[in-house]
Amino acid sequence: MTLIDIEFTGQGKTFQAALLDESAPKTCTAIRTMLGETVTGASYHSIYSGQEFYVYCPPVDIPLENHVVWPKRGQIVYYYFPENLYAGMHVHQDRIQGDGAEIALWYGHGDLRIVTETGIRGNLFAEVLPEQLDDFYAAGDHILAHGREDIVIRMAG
């Protein structure tokens, strides 16, 4: 099992998630390459889809695999936004130039029906370890209540 670390720098907490190599092999390969360099960024809480926050990451156009419409807590999804399509949405337009991408971290349940209907598709590629889900929920809820903090995502090691 290949693990990634997800560090909440403001709270001083780190969680681990297992890559879903069998369900999302192309996405997991791209994420491994991406995490050759650590991904660090401010957390942005979702406004439409549920108990989720995301971190911008380098954009890689990956084919759709292991798509999810009803994400559950602890699931981690990669989204790619082409420059002239979704990257220009009002929630992204001042934050990214050109193509964009995010790693979305679900600390609770979500509903992506509307997002999916607009054409945005995400690849479920990792899940927080089951024994850490309660604490992961509390850390995500802290971001909702207290605001952004930097998140560091890297290969566990």
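His45 has Phe53 in strand β5 as its bridge partner. That pairing belongs to a predicted model, where local features need pLDDT of at least 70, side-chain atom pairs count only at pLDDT 80 or more, and totals for chains, interfaces and linings use all residues. Residues are numbered from 1 along each chain as its sequence is written, and side-chain values use heavy atoms, with hydrogens and water left out.

| Partner of β5 | Bridges | Direction |
|---|---|---|
| β4 (residues 44-45) | two bridges | antiparallel |
| β7 (residues 100-110) | six bridges | antiparallel |

Four residues sit between β4 and β5, and the two strands make a hairpin. Over on β7, Ile103 stands opposite Val55. Five of the seven residues of β5 (residues 50-56) are buried, so the strand is largely enclosed by the rest of the structure. Buried means under 20% relative accessible area, exposed over 50%, and partly exposed in between (1.4 Å probe, protein chains only).

Now for helix α3. In α3, the buried residues are Leu133, Phe136, Ala139, Gly140 and Ile143. They cover an arc of only 125° around the axis, which puts them on the same side of α3; the arc is that of the directions from the helix axis to the C-beta atoms. Asp134, Ala145 and His146 are exposed on the other side of α3. The buried residues of α3 pack against several strands, including β5 and β7, with contact meaning heavy atoms within 4.5 Å. Just after α3, Gly147 has a positive phi of about 100°.

How values were computed
Two strands pair if DSSP finds at least two bridges between them.
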